Amino acid sequence: MLNLNLQLKLKSKSQIIFPKNEFLRLFGNSIPKSLKLKFLEAMEKSRLLETKEEALKRRGQGVFQMSCMGHEGMIGTSFAIGKEDWIHPYYRDKPIIITRGVPLDHFFLDFFGKANGPSGGRQMPNHYNNKELHIVAGGSTVAANLLQAVGMAMHLKDFGNKQVVITGVGDASTRQGEFMESVAQAVDKQLPVIFLVEDNELGISTRTKGKTFWDFPNSIVSKDDGSKWFMGCEMYEIDGTDPEKVYESTVKAVAKAREKNQPAIILAHLVRLSSHSSSDDQRVYLSQEDIDKIAKRDPVKNYEDKLISENVISREELGKMKKEIQSLIDQAVLRAKQAPNPKEVGSPYSPLPIYLPNYETCSRPKRLPKKEGGLTMAQCISKTIEQEMERNSKITVYGEDIEDPKGEVFSVTKGLSTRFPKRVTNSPLAEATIVGTAAGRALLEGDPQVAFLQFIDFVHPALNQLWTQIGMMHWRSNGQYTTPVVLMASYGAYTPGVGAYHAATSEAQFAHNPGFNIVIPSNAADAAGLLRFALRSKRPVIYLYPKVLLHSSTDTISTPDKDCMIPFGVARIVKPGEDVTIVTYGNTVKICTQAAKIAKEQYGINAEVIDLRTIVPWDERTVLNSIKKTGKLLVVHEDAKTCGMAGEIVSEMITQGHQYLKAPPLRNTKTDDFNPFQYDLNQAILPSVESVVQNLVKLQEYKTSNLKGDLFADNLISAKVEKPKKIEEIKEEKPKQIEEIKKEKLPGEYQILHITLPQVSPSDQDSTLIKLNAKIGDHVKQGAIIAEFEASKGSFELESPYDGEIVGILAKEGDIVLVNKPVFEIHVSNTFLENIPKEKPAKPTEPEKGLKEENKQLFPVVVPRNSPSDEDATIVKFLVKPDDIVKIDQPLADCEANKGSFTITSPVNGRVRQILVNEGEIVPVEVPVIRIEVSDKSLTGEDKISEKSNEKVNQQESQSISQKEPEYQEVILSKPQLQVGALALKSQLETPTVNIQTEVNMTKIEKQRNQLKKKIEEKYHVHVTVTDIILWAVNKAMQTDHNSTFRGILDKDGKKLKVSKNVNLGFAAINQLNEDLYTPVVRNANKLNFIQFCEKVNSLSQKVRNNEIKLDDLQGATLTVTNVGFATKVKTGTPFVIPGQLGMIGVGSIMNLPRFVDGMIIPCNVLDINLVFDHRMHNGSHATRFLEDIRLYLETMDLNTLIN
């Protein structure tokens, strides 16, 4: 019999080979007593450790535990492999890991989530990790470790290493596609990898018997020698509860793998003695009979009994062994408890090697014409890979169709397989295999590996490997492992012959997942420099090359030298400029450069074009510095708009550089559509030179004449905002009396002026004073916020028009103040008044009859939206001039829009005082072009122009009509329509909004409402509508603590939220006679029961219909619901947020659509709900939770309970 110590030495030497049946010859069909004792000791250690963890969890000293009880027999695996061999475990392989030699402390450090544990508190327990012992960090996604194990075996075989790879998987996980891919790859390449399939017959609660490959008819092939095979892989089917049988089978399989590179499957039938985890209770799905039956196969108890019966150990010796092990475990627990907790989450990115250069020291290839030997982008990529493979002999390239003579579908790898025949090889048509095996290769020594996909559109089968494995490996292993895989794929459209599945970009979905750098070159030089940096970065990289630029003969360079590198996160200024900043990357760099040239030549716009090169990280500093210079931002990319990089860039630049922006940033992206094959259709959904030029013109012509260095026109946002004093400070200070202040001033040097309440929108007649931000005696600067008001459609701030001292306050908080009435008295120096720039006086004219001189104000006439798609219009000709008297409906200007010509008409009676733009200018919709001086009575429709004037105007109109019959009907906007338009513009300019959407199944609640409608009306005399139910659900969602912010009002600085205890909910209601829209408010909705709530909604709706709505009914909402499309079969819409509120919910109409419910497709009444919210206060998580609460309440509410 072989000495135990000699056997242990033999198994630790990777070069020792066990030929066929060598095990049986060495041990004479028996295992030494000493080795059996080692087996028992390892099994007891695993069981007692599990028992301790369960006890800690029950005592509340741990938060999660996953049991491996019943798998202890698998310890035989560790005794059968060498120290140089590799283990890719699965989460129930704790017995194998303990036997491998992992200290007991490590298990409890992970159990308590301690800083010095294997994962540093990042992973849940049972995700083992120890590079020194060749244990690869595992994750929670089942079977994802298998392809990595196969990739590692490929690398070991290719480079002549005799190590073997062991990888574990549960029985239920063998139905994963990646299990089948792994076995197929191992058989195809004949790899030294062994798959441990641990069959406990449960996938959490699902019975797996009859559902796995070994139970399928004809799946297992039996040969004459008694061996079993699955897919060409030899399979050992054993009792996994017996460590001796596990050991015997593993020794045989390891010997064949080491000697012949023959893969194997060890199918070990065992049991799961405990619940799946501490979050599970198997008594729910297993009968007591089942549990008792499983317990009879307890591997620890049965092996104890066996060794006692064989006189290998006595019960007294067994008790002593357990006691000693328990003592070691208890000590390990104490040490782990005292270990420090982690203080940081840890970076998902491995540190860059210190030898990598900075941008300033990098060499750059020069432009060289193709006819003189210049290399295209495709040739530069191939040349760079060749240079790096010469530099590092461990780099391999694996992918579809990359071998010569094809050399990749776009010839990017042409010549590489000829140069490196064993290192550049074709893969099967299996993206997960390509990426997963590349990860396994990279894990061995941290050498970069290149994985090629034909199109990035085909990446989705590999996302499991990318997102849950490669991107997380450095982080989850606490820096022990890294997976420097460079995934290369063509991306983008802009060429005929592509369409769906061949033209996507997809970069945003990768940017959302930590752990990757994302590279998108736009030219040959960058393609080479960025690729070389990627291959030396020791990081996972997504490298997307634009297919349409690969073979461009106008972009060729000299051969890049071996030090040509471009670091990540360094943008390139393609074209300097000072008017507008264009940020772009990849395919659209060329488009933006062409557009910038046209804009310069035709419109005099000098745009700066920035090529980001990489989007993770992206060069925030370069973009911000450019915005400081230009004040305007346009982001262009080929990916879809929703959740695209443009939104990220715009959001970040608003956060960091809002004070430099002179216009709202714009995005020019692909529409949220799939790429069609038809070329014109494909081009239509993409950014183009024309669309970029249009956006540049729109930004350049955005009016900033009313600004004082801040964002957005018409003083809707003040240029300078003085920080208001706190109310407490105002109360504590004793105000001076007006008479005292007047005595202090020298006569003739000062005068007292009134600060009056402005009219924010055309329909406002008064506003409520919400807060005084100044008190008597305060010295205020021009532009300082001195009070806050709320008008019918939202709140606004009153600014001081002067520098001076407040000497009188003529209203108190809560007062309703009429428009143009004084609110403050202010002491202003004559010197200040003399320095105020004077407007050029208009030509003096005789006042017309009917126009009184008192109580006049300027009314803005804006460019209307002539069709839904119009964003601007060209002013063709003005039909009036300053000082002309105009009446309602009189034509003021002819315009041209996308859908044809139209005429702007006067909405009021008055005198033209200002023409704000020139003929030929392109003006955005809702922007003023004319200001008309009107009287208070003119706004209310009470004034009359003299009969003589009327006759004159009528004659002019008659002549005009006789000359040209209009081809359109002119519609006069009502005051509420104008008011809503003004609020919409104010919202767009002031509120950074984001919208999310969900679908609600209304079938159940609609059925209840129809059944109970008659009962409710008879009992409560109230008609319950679907709108009432939706509003009630929103009301209930707003009442919860985690949605409390939707009950708040943001202060003027946007830094503090005042949250009410009560729900004040607005809803949209239409007056059917004139189609005017109002938003009445249900105040204190949380204090009402369902019937009272419906009564209140119905009452307010009736007021709107009867034109009886009051100003007080429209104030106080923090969120409003609009369902104006409810009865018109409009599926959904995106409303604007009313200024002063924090969100708006748009509700579409209920559609009867097929939906998958309980395993069947049935017609359902579904409703789309769209939440638009103020992004300053709420992030996507807050808003999603709020919208989900509304959905759940609507789908689960019981109307019977609410009405009884």
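This is a predicted model: local features need pLDDT of at least 70, side-chain atom pairs count only at pLDDT 80 or more; totals for chains, interfaces and linings use all residues.
The structure holds 17 aromatic pairs, and Trp-1032 and Phe-1090 form one of them, an edge-to-face pair with 5.4 Å centre to centre and 85° between the planes. Because Trp-1032 lies in helix α32 (residues 1026-1039) and Phe-1090 in helix α33 (residues 1090-1105), the pair ties together parts that are 58 residues apart in sequence.

Phe-1046 and Phe-1186, both of them buried, form a stacked pair, with 4.1 Å centre to centre and 20° between the planes. This pair links distant parts of the chain, 140 residues apart, since Phe-1046 sits in the loop between α32 and β39 (1048-1050) and Phe-1186 in helix α34 (residues 1180-1196).

Elsewhere, ring pairs join Phe-179, Phe-195, Phe-213, Trp-214 and Phe-230 into a cluster. Rings also meet charges: the charged end of Lys-223 sits over the ring of Trp-229, 4.0 Å from its centre, while that of Lys-394 sits over the ring of Phe-159, 5.4 Å from its centre.

Helix α12 (residues 315-338) has 24 residues, which at 1.5 Å a residue should span 34 Å, and its end C-alpha atoms are 35 Å apart, which agrees. Among the buried residues of α12 are Leu-318, Met-321, Ile-325 and Ile-329, and what covers the buried residues of this helix includes α3 (33-58), α6 (104-111) and α11 (299-309).

Finally, an unreviewed UniProt entry lists residues 995-1022 as "coiled-coil region"; in the model this span is 64% helix and 25% strand, and its end C-alpha atoms lie 34 Å apart.

Terms used:
Residues are numbered from 1 along each chain as its sequence is written. Side-chain values use heavy atoms; hydrogens and water are left out. UniProt positions are given in the numbering used here, feature names are shortened, and annotations may be inferred rather than shown by experiment. Helices (H or I, at least four residues) and strands (E, at least two) are DSSP runs, numbered from the N terminus. The expected span of a helix is 1.5 Å times one less than its number of residues. Buried means under 20% relative accessible area, exposed over 50%, partly exposed in between (1.4 Å probe, protein chains only). Contact means heavy atoms within 4.5 Å. Rings of Phe, Tyr and Trp (its six-membered ring) pair if their centres lie within 6.5 Å; planes under 30 degrees apart count as stacked, over 60 as edge-to-face and the rest as tilted. A charge sits over a ring if NZ of Lys or CZ of Arg is within 6 Å of the ring centre and within 35 degrees of the ring normal.
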